[in-house]
Amino acid sequence: MKRWMAAVLAAFMLIGLIGLAEPEEDFDFDFDDGGYTGEWVALKGLDLQFCLPDGWTALESDLSLAFQGISDDSRVTLEVGEIARDVDDLPTWADANLSGYETDEAGLYFAVTQESDEQVTVYILDADRVIAFRFDRAAVDAISRDFALQIAGSTSEDWGDEGESIDELDDANAVLAGDSSDDAGW
C-alpha cells in the first residue's frame, strides 16, 4: 500500500513538474493545422502564462492590462486582460455582455469570439475570471481567427521560476520506476 501511494503521488508530482522545467524557453505547439513556436510569457497579475509566437514582441503593459504585444510585421497588436470576475458560465456572461459572438474551442478552454475586419477577440473562462485576448489587425489576413484561438488556447497556469529542481524530478522518476527505497513518511 505504501509503495502504491508513493507511486501515485510521484506520478502527480511528475506531471506537475514536467511543465515546470523551463517555462521561459521556446515551446512548440502541435496543432492539427501546423501549430507555432514561441516563448512563454507571464500574464501580469493573473498567475497565468501563454505562448507568444516567435517574432512577436512584448510591449510595456498598461497598468490595467496583463499583457501587450505586437507581431513581427507590426500588423497585429495584442492586449490581454481580465474583464470580469465571479463568472460561472461563459455563454451566459456573453449573452449578457456581448453582441454577436460565436462559441469556439481555444486549446483546453471553451471560448467565445467576436470578429470584425479590424479585430478578433477571444474570451476564455479561467476559474471564475473572464480573460480577453484582443487582437487588433491591420487587415483580415494579418491574423486568422484560428491562429488567435491557438494563441489564447496556449494559456496555462504560470509556475514562474519556482520550479522543482532536477534532483526532485529524478527522485519522482525513481519512485515511478520502483527504484526508490525511501518509504519514509508512507
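Leu 108 is found in the loop between E7 and E8. Helices (H or I, at least four residues) and strands (E, at least two) are DSSP runs, numbered from the N terminus. The model is predicted: local features need pLDDT of at least 70, side-chain atom pairs count only at pLDDT 80 or more, and totals for chains, interfaces and linings use all residues. Residues are numbered from 1 along each chain as its sequence is written, and side-chain values use heavy atoms, with hydrogens and water left out.

Leu 108 is exposed, with a relative accessible area of 89%. Buried means under 20% relative accessible area, exposed over 50%, and partly exposed in between (1.4 Å probe, protein chains only). The C-alpha atoms of Leu 108 and Ser 156 are separated by 9.4 Å. Along the chain these two residues are 48 residues apart.

Two strands pair if DSSP finds at least two bridges between them. Strands E8 (residues 109-115) and E9 (residues 119-126) pair in the antiparallel sense over 5 bridges. Within E9, Tyr 123 stands opposite Val 112.

Contact means heavy atoms within 4.5 Å.

Salt bridges come to a count of 9. The criterion is a side-chain nitrogen of Lys or Arg within 4 Å of a carboxyl oxygen of Asp or Glu. One of them joins Glu 115 and Arg 145, with the closest N and O atoms 3.7 Å apart. This pair links distant parts of the chain: Glu 115 is in strand E8 and Arg 145 in helix H3, 30 residues apart. Glu 115 is partly exposed at 40% relative accessible area, whereas Arg 145 is buried at 16%. Both residues belong to a network of salt bridges that also links Glu 102, Asp 104 and Arg 137.

Arg 129 and Asp 126 form a further salt bridge (2.6 Å, N to O). Arg 129 is buried, with a relative accessible area of 12%. Asp 126 is buried as well, at 15%. In the salt bridge of Asp 136 with Arg 134, the N to O distance is 3.2 Å. Here Asp 136 is partly exposed at 23%, and Arg 134 is partly exposed at 29%.

The largest nonpolar core holds 30 residues. Such a core is a set of buried Ala, Val, Leu, Ile, Met, Phe, Trp, Tyr and Cys residues joined through side-chain atoms within 4.5 Å. Leu 43, Phe 50, Val 122, Phe 133 and Phe 135 touch the most other members. Two or more residues each come from E2 (36-43), E3 (48-53), E6, E8, E9, E10 and H3. Beyond its neighbours within four places in sequence, Leu 43 is in contact with Leu 48, Gln 49, Phe 50, Ala 66, Phe 67, Val 80 and Phe 133. Another core, of 10 residues, lies apart from the largest one. Among its members are Ala 84, Val 87, Ala 94 and Leu 98.
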